[in-house]
Amino acid sequence: MVSCDWLQFTGHMILDIYESADAPEILCPIGHRLEIQDGTKVFNYRGILYDSIGNKELTILWSPKSKVIAKTIIMFEVANYFLYENNYGDVLALTQQVHPYKFANPTRYDICVDFELTAKRRRIIEGLYYNKMYLSNKQEGSVFWSKGAADGMPYPHDLSFGSKKSDFKWKIYNKTKELKLGTNEPQKPYIWQRWQSFGMDIYNMWRCEVSVTAGNGVMVNNRRIDLEDLCNSAWLYKVFNNLYENRLIIRKKENHTRRKNDTRVWLFKLPLELSAKVCAKETSEKQVDDRASKHLNRLIDMIQSPICMQTPPLFDAYANALTEIICRGHLANYFQTIKGMPYNEWLDMMWEEYSGQGWKDMRGI
């Protein structure tokens, strides 16, 4: 399963005639909540944008402290949850509503492939851990390990390759362990529920991830990155495939005079293009469960009821329940069929009647 796990980029604000670079007008999109927090070491201002039911969508940074950085720079970071939605381009579209800007470049994006750990892949990971294999062109890295439950022997669960200054840093790690699956508090269900939809063993999942901080240093088909590329699954796949082929070069330590003669091994082989079969599997409609649809219809009726419309906390509770049943029951298309719009837009429309929206100054709170 190929995913984008981190997305951060910058733009140059297009200032109106009444604005200054030191005091741009940052707006909150209708139906959302924008909290202004304390700044960072680099930027004077930091904003957190939430959707109508409290999901974090964007982190926004502006007004750089350094005199070297252009005053018009604005930085956006997409919340992790939305990166695993097929339509996170909708979140990117919100950035222009916060303030008009011209896209500059990505500052960081992480692309990853999640895979089941087979016996062959386990041997490769053990080979890297015990120094029987190595990653070409990487001189620094780190390893985290833990004792196995069965034999009590140390086993790696996180291998990192590349220095802090490297434009391309790689990680191979136990994603099941990181998400605490098998415990009473599993994390990030939006990730492992996608594994389930692919028929994967969620208790045996590892991740191979590349973190790219090269800015515009990566090109596909001799073209620099545009904002639309960053939410294009096919483009992200091409980038990962290219970097995987040419940069994640794992070799057996056979001590040849020329290291290129050491045997190369592969964690997995990827086709040149993102297959139509995989795309269809990821975006196909699920059969609507009758019981789930009945629960959904009851929730819609409750949200539209007078008592719910007059009680924002009750609205929040039912809106969260509606979102949960849609995600778990794969009912997004069903909802759009009966209401004529996506469920999140419908909730936004309903929420406009209540307080709790708009530009909120949360500094010092």
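This is a predicted model: local features need pLDDT of at least 70, side-chain atom pairs count only at pLDDT 80 or more; totals for chains, interfaces and linings use all residues.
User: Which residues of α2 are buried, and where do they fall when seen down the axis?

Analyst: The general idea comes first. An α-helix has 3.6 residues a turn, so residues three or four places apart point the same way. Now the case here. Helix α2 spans residues 89-98, and its buried residues are Val91, Leu92, Leu94, Thr95 and Val98. Down the axis of α2 they fall within an arc of 145°, so they line one face of the helix.

User: How do the neighbouring strands pair with β4, parallel or antiparallel?

Analyst: On one hand there is β3 (residues 43-50), which runs antiparallel to β4 and is joined to it by seven bridges. In this pairing Tyr45 stands opposite Trp62 of β4. The two strands make a hairpin with five residues between them, and Gly54 in the turn has a positive phi of about 90°. On the other hand there is β5 (residues 73-78), also antiparallel to β4, with five bridges. Here Leu61 stands opposite Met75 in β5.

User: In what order do β7, β12 and β13 stand in their sheet, and why is one side of each edge strand left without a neighbour?

Analyst: The order is β7-β12-β13, in an open sheet with antiparallel pairing. β7 (133-135) and β13 (264-265) are the edges; each has a single partner strand, so one side of each lacks a neighbour in the sheet. β12 (residues 250-252) pairs with β13 over two bridges, and the bridge partner of Arg251 is Arg264 in β13. Helix α3 (residues 119-129) packs on this sheet, touching β7, β12 and β13, and its direction makes about 80° with that of β7.

User: How many aromatic pairs does a search of the whole structure find, and what geometry do Phe335 and Tyr343 have?

Analyst: A pair of aromatic rings is described by the distance of the centres and the angle of the planes. The search finds 16 such pairs. Phe335 and Tyr343 are 6.5 Å apart centre to centre with 85° between the planes, an edge-to-face pair. Both Phe335 and Tyr343 are buried. The rings of Phe335 and Trp346 have centres 5.5 Å apart and planes at 65°, so this pair is edge-to-face too. The Phe335-Trp346 pair links distant parts of the chain: Phe335 lies in helix α11 (residues 332-339) and Trp346, eleven residues away, in helix α12 (residues 343-351).

User: Why do Phe335 and Trp346 count as buried?

Analyst: Buried means under 20% relative accessible area. Phe335 counts as buried because its value is 0%, and Trp346 because its value is 3%.

User: Which residues do ring pairs link into a cluster?

Analyst: The cluster consists of Phe115, Trp170, Phe240, Tyr244, Trp266 and Phe268.

User: What share of the protein chain is buried?

Analyst: Of its 365 residues, 43% are buried. The chain holds twelve helices and 14 strands. It exposes about 19,700 Å², of which carbon and sulfur atoms supply 50%.

Technical notes. Residues are numbered from 1 along each chain as its sequence is written. Side-chain values use heavy atoms; hydrogens and water are left out. Helices (H or I, at least four residues) and strands (E, at least two) are DSSP runs, numbered from the N terminus. Buried means under 20% relative accessible area, exposed over 50%, partly exposed in between (1.4 Å probe, protein chains only). Accessible areas come from the Shrake-Rupley method with a 1.4 Å probe; for residues, only the protein chains shown count as cover. Two strands pair if DSSP finds at least two bridges between them. Contact means heavy atoms within 4.5 Å. Axes are lines fitted to C-alpha atoms, for helices over the stretch in contact, and angles run from 0 to 180 degrees between N-to-C directions. The arc is that of the directions from the helix axis to the C-beta atoms. Rings of Phe, Tyr and Trp (its six-membered ring) pair if their centres lie within 6.5 Å; planes under 30 degrees apart count as stacked, over 60 as edge-to-face and the rest as tilted.
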